[in-house]
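Please look over the structure below with its sequence at hand.

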Amino acid sequence: MNHSNDISEIELEAAEYVLGHGSEADRDSTTQQMIANPELRQWVHWWEQRLYPLALHPKPASPRKSVWEALTKQVSVDNKNPNGNRGVNKLWRLWGIGASMVATASVLLLTFTLLGNVNQEREMPTHYASLESNGMMSHIVECYQDGRFEITAVHPATATDGKVLELWMVAANTAPASLGILPSQGRMQKASLPMMQNTSGKLMLAVSVEPAGGSPTGQPTGPVINSTQLIERTSSNSVSF
Amino acid sequence: MSSQRYTPDQEQLVSLIGRCSIKDQAAFKALYDETSPAILGLLIRMLPNREAAEDCLQEAFLQFWNNANQYHVGKGPVFSWMITIARYRAIDRIRKQRYDVELSDAESVLVDTADLAPVAGTEEKRLQACLAELEPNTASLIVKSYVEGYTQQELSQQTDTPLGTVKSWLRRGLAALKSCMATSEANL
């Protein structure tokens, strides 16, 4: 197949930047341009996404233990001093600016729970889901064998005008069951989730906007702003460490 | 970690990054265990020795930890985001320190794209199919640049090809690659 030989200067500059061509000064110049030039940012992002599979080909190599040990110390220091050395380079900051990608709410399978200390044994959830808002993960929902479930705020969305966001579980042919108001920070744990044990079909989570204190009727009364499937963890998507 | 190529599990990595954003150190450990061998494998190809590669790996992971809250799915696959950060750090190091690269002959520079490991995902298949449509030397220059971080000048020296010719090959190759990838995606 013959393909076009046309490529604009901006597309070429972006590709060469991603490939790593050019001197340090050239790269600094492109980095500076990206701050003010969204088209250049978009093309850099385009090439990053298209070429990254090449990074999967080199033979993996296990780092020495000393690397993790050093990282552990740095992370520990960083946690004690969250405004300390962040080691952010210019390009990284551009991720914050972001190539303009429109994120949609999506189902994200969450593979295991990891709250706690490094290397600590922990119970594995049986079901997972993540909720998104404006392209960011807002909450993680994890359900356990005994019916307990936990909701963890990551980048929590908030409702306006004194309203709250309420989480619902929805199963086929069953009225939605409230899982409570989404926490605006931290982690919320609930004791039971009876629908999990009585339903074999697909389980969905939904978020509705409700008056302060939650739905007055026990059923969603406001607009549903998000929904996602609660996914069962299988052995193929679990990992050990 | 086995010597087999790494196949990222996007959903797993999204969950780990999400947990890193709320400063879950166990998630960070799991992310490290899962991805560090693949990232180090690339960095070893780019940097002159293992020590430099491990230093770069450490810096990259610290950056993942500090900035995990800036990742969202709209930025594309998590591993792409991680690799981009690690590669750019490696490229910064290479450019700053001006490592002398010595290769025994021009042949060793060229990567035969037919020898690349079997592809797994759609993105990889698409990229590999499009690279296969390029002139072999041009495809090799693109792969070599990405995987080992060479400048055009270095590629020129190592292939004993005039810089202008290398630039011309790369320009045509990137144009064709862009066109092929865009066409392939449009036909999905």
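This is a predicted model: local features need pLDDT of at least 70, side-chain atom pairs count only at pLDDT 80 or more; totals for chains, interfaces and linings use all residues.

Local features need pLDDT of at least 70, side-chain atom pairs count only at pLDDT 80 or more, and totals for chains, interfaces and linings use all residues. Side-chain values use heavy atoms, with hydrogens and water left out, while residues are numbered from 1 along each chain as its sequence is written, and chains are lettered from A and ligands numbered from 1 in the order in which they are written.

**The helix pair**

- H3(B) passes H4(B) in a right-handed crossing, a term for a near helix turned clockwise from the far one by less than a right angle.
- Residues of H3(B), including B:Cys56, B:Phe61 and B:Phe64, meet residues of H4(B), including B:Trp81, B:Met82 and B:Ile85, where contact means heavy atoms within 4.5 Å.
- The residues of this contact between H3(B) and H4(B) divide into ten nonpolar, two polar and four charged; Ala, Val, Leu, Ile, Met, Phe, Trp, Tyr, Cys and Pro count as nonpolar, Asp, Glu, Lys and Arg as charged, and the others, Gly among them, as polar.

**The disulfide and other cysteines**

- A search of the whole structure finds one disulfide over all chains, the term being used for a pair of cysteine sulfur atoms within 2.5 Å.
- This disulfide is formed by B:Cys130 and B:Cys180, whose sulfur atoms are 2.1 Å apart, and with -80 degrees about the S-S bond the link is left-handed.
- B:Cys130 lies in helix H5 (residues 122-132) of chain B and B:Cys180 in helix H8 (residues 163-186) of chain B, so the pair ties together parts that are 50 residues apart in sequence.
- B:Cys130 is buried, with a relative accessible area of 2%, and B:Cys180 is also buried, at 6%; buried means under 20% relative accessible area, exposed over 50%, and partly exposed in between, with a 1.4 Å probe and protein chains only.
- B:Cys56, with a relative accessible area of 0%, is buried, as is B:Cys20 at 1%.

**Chain B as a whole**

- The secondary structure of chain B comes to eight helices and zero strands, where helices (H or I, at least four residues) and strands (E, at least two) are DSSP runs numbered from the N terminus.
- Buried residues make up 60% of the 188 residues in chain B.
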